[in-house]
Amino acid sequence: KPKDYDPEWQPFPMLLEKELRKANPSRKIEVFPMAVPGYTSHQGLAWLRRDIDYLQPDMVIASFGWNDVSVSDVPDRQAIDTRWAPVTIRWLIDHSQAFAHATRWLRSRNKSAPFVAAAPVPRVSDAEYIDNFTQIVNLARSRSASVIIIGAPYRDSTTNPPEAQLMTRYRASLKSAMQQSNTPYLEILELTEAAGSVLDMAKD
């Protein structure tokens, strides 16, 4: 085992549930983790829309960022359309081999225009990022749930300067938007660029 291994370590959702239960022994408290690797605020909003009435949360905690600023040939709103028709088609493709084969056949027939990849863009634009969070907040409040927004961790400016700059800008825009809507916003300084600056100073 690694020397720094801690058998008491727990992931954030389990730790949060444990501490909330300890502080509120007379209440039944459940924390539902909904974090999915690779998801942006685009998919997070779609998932909350689908399941909020089933889960009936008292509080929603949301944090997105790294995946939102990562670049792709097309933005998520095009690549992962959440309207009912595209969702239904994707479901049919996943659950029906016949439909999947038919879809591939139709695509192979449609070769009239060559595909030209666009310049890479963020998976979620700055404006869409703020709009997704605003909709998450409004949706939670419409179900009488409290909301806490957590600012996303920084990207390493040495290994990925473009995404690091975007993450800094997105976080600042989100903080401003949440303050304007009186939404509780938590920024963990140890996970921001400030932590990197402190570490650099310590090395010097």
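Reader: Let's start with helix α8. What should its 20 residues span, and how far apart are its end C-alpha atoms?
Author: Keep in mind that this is a predicted model. At 1.5 Å a residue, helix α8 (residues 161–180) should span 28 Å, and its end C-alpha atoms are 29 Å apart, which agrees.

Reader: Nice. Which residues of α8 are buried?
Author: They are E163, A164, L166, M167, Y170, R171, L174, A177 and M178. Looking down the axis of α8, you'd find these buried residues within an arc of 155°, so they line one face of the helix.

Reader: Why do residues three or four places apart point the same way in an α-helix?
Author: It's because an α-helix has 3.6 residues a turn.

Reader: Got it. And which residues are exposed on the other side of α8?
Author: There you'll see Q165, Q179 and Q180.

Reader: What follows α8?
Author: N182 does, and its phi is positive, near 55°.

Reader: Switching to rings now. How many aromatic pairs are there?
Author: The count is 4 aromatic pairs. One of them is Y39 with W47, an edge-to-face pair with 6.1 Å centre to centre and 80° between the planes.

Reader: How accessible are Y39 and W47?
Author: Y39 is partly exposed, with a relative accessible area of 31%. W47 also counts as partly exposed, at 24% relative accessibility.

Reader: How are the rings of Y129 and Y170 arranged?
Author: Their centres are 5.0 Å apart and their planes are at 40°, so this pair is tilted. Y129 lies in helix α7 (residues 126–142) and Y170 in helix α8, so the pair ties together parts that are 41 residues apart in sequence.

Reader: Are those two buried or exposed?
Author: Y129 counts as buried, at 0% relative accessibility, and Y170 counts as buried too, at 1%.

Reader: Which residues do ring pairs link into a cluster?
Author: That cluster holds F64, Y129, F133 and Y170.

Reader: What lies over the face of W66?
Author: That's R155, at 4.3 Å from the ring centre.

Reader: In which sense do β1 and β4 pair, and over how many bridges?
Author: β1 and strand β4 (residues 146–150) pair in the parallel sense, over 4 bridges. If you look at A62, you'll find it opposite I149 in β4.

Terms used: Residues numbered from 1 in each chain as written. Predicted model: local features only at pLDDT ≥ 70, side-chain atom pairs only at ≥ 80, totals over all residues. Heavy atoms only, no water. Helix = DSSP H or I, 4+ residues; strand = E, 2+ residues; numbered from the N terminus. Expected span 1.5 Å × (residues − 1). Buried < 20%, exposed > 50% of the residue type's maximum accessible area, 1.4 Å probe, protein only. Arc of directions from axis to C-beta. Phe/Tyr/Trp six-rings, centres within 6.5 Å; stacked < 30°, edge-to-face > 60°. Lys NZ or Arg CZ within 6 Å of the ring centre and 35° of its normal. Pairing = 2+ DSSP bridges.
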